[in-house]
Every structure is written in C-alpha cells, then in structure tokens.
Amino acid sequence: MAAPLVSVVIPTHCDGTWLLETIASVQRQTFTDFEIIVVAADATPEIKGKLAEMQSQNLRVFHKVNDGVSRSRNLGIAQARGDYIALLDHDDLWRPRKLELQMAHMSELKCRWSSTMSARINSRGEVICENIHGHRYFSGSVLPHMAQANFLDTSATVFEKSLFNEVGE
C-alpha cells in the first residue's frame, strides 16, 4: 500500500469526548489521500473498544500513558507515513473541503506549512465566532508576528513532515 500524502494526527485523553465526531469529520473530507493517527492517552475501556472497532488501513491507533498533548502529538508524527502532517485536536471538527482547499493552496503557493482560519462552535454545533484570527498572509519568518500574538490554531495547521524532522521535537 502506498503511503498517504497527509497524516492527520489526533491526540486524545481519558474519555475522548467528541473524538468520534472528530474522526468522522476527517472521514468526510473531499480530499481522500490521508491516514488518521489517533494517539489515545489513558483512554477509557469504552473509547479503546470504539477505536478498536474503527481501526482500518487508514486509521491507526496508539495507546499510551498521559504525559502531555505535545508528547502525544510527537508520537503520532513519528508514526506518520505521510509527507504532510495535519494536526487536529480531539474536540475539533473540520469542514468537508478543509484538506482539499488547504492542500491545493499549499501546492499552488509552494508552501511548506499553512494554517487556515477557524471558528468556535458550541456544544450544539452552532458557530459562535467565525474567523477568530482574521485574514493574515505572511511569507518568510513569522516569528516577529507571532511574538505579538499567536495567530495559529493547532487544528488548522498542516506542514511538511520534513520541517518537523529539521526542527526536531
């Protein structure tokens, strides 16, 4: 089986509230060249069972003790087979064309990473705040801009895996 272009890394912990909805939002993507990697830290038996039922060629699950979301993400990235990493928190959802549009944009502009706009929703799925960080386009180093305000949303970020390997954990 050929490696996917994108590896979607989803760290979760304990009861995994919203996790199944999060996974479903990835599975509904119009862009289909991806794998899903769930890193479940201290997952409940119920979540372990549901994840075991869902496991397939494009959904892999790794269980571990809860030693922080960053270490869970790092484990998921280390296991990723894709050239690109898409980060997604276990309680966030993607719109169906998110990966399609973001990957096309990155290809067109020859970007090595990008972060899209995001919205906040309530427990009923209603948008309560759209476009949280506003429209911003940067090239080159973004560090001076990020020193003023962190405008990146983890669940909206995609980057070349090679960048992670260059920078390290």
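Predicted model: local features only at pLDDT ≥ 70, side-chain atom pairs only at ≥ 80, totals over all residues.
Local features are reported at pLDDT of at least 70 and side-chain atom pairs only at pLDDT 80 or more, while totals for chains, interfaces and linings use all residues. Numbering starts from 1 along each chain as its sequence is written, and side-chain values use heavy atoms, without hydrogens and water.

I begin with the strands. Helices (H or I, at least four residues) and strands (E, at least two) are DSSP runs numbered from the N terminus. Strand β2 (residues 34–41) runs parallel to strand β3 (residues 59–64), joined by six bridges; pairing requires at least two DSSP bridges. Between β2 and β3 the chain passes through helix α2 (residues 45–54), in a right-handed β-α-β crossover, that is, clockwise from the first strand over the helix to the second with the strands pointing away from the viewer.

Beyond residues up to four places away in sequence, arginine 73 touches Val9, Pro11, Leu87, Asp89 and Thr154, a contact being heavy atoms within 4.5 Å.

Finally, helix α4 (residues 98–109). Lys98, Leu99, Gln102, Met103 and Met106 of α4 are buried. They span an arc of only 105 degrees around the axis, and therefore lie on the same side of α4; the arc is taken from the directions from the helix axis to the C-beta atoms. Exposed Ser107 and Glu108 are on the face turned away from that buried side.

Conventions. Buried < 20%, exposed > 50% of the residue type's maximum accessible area, 1.4 Å probe, protein only.
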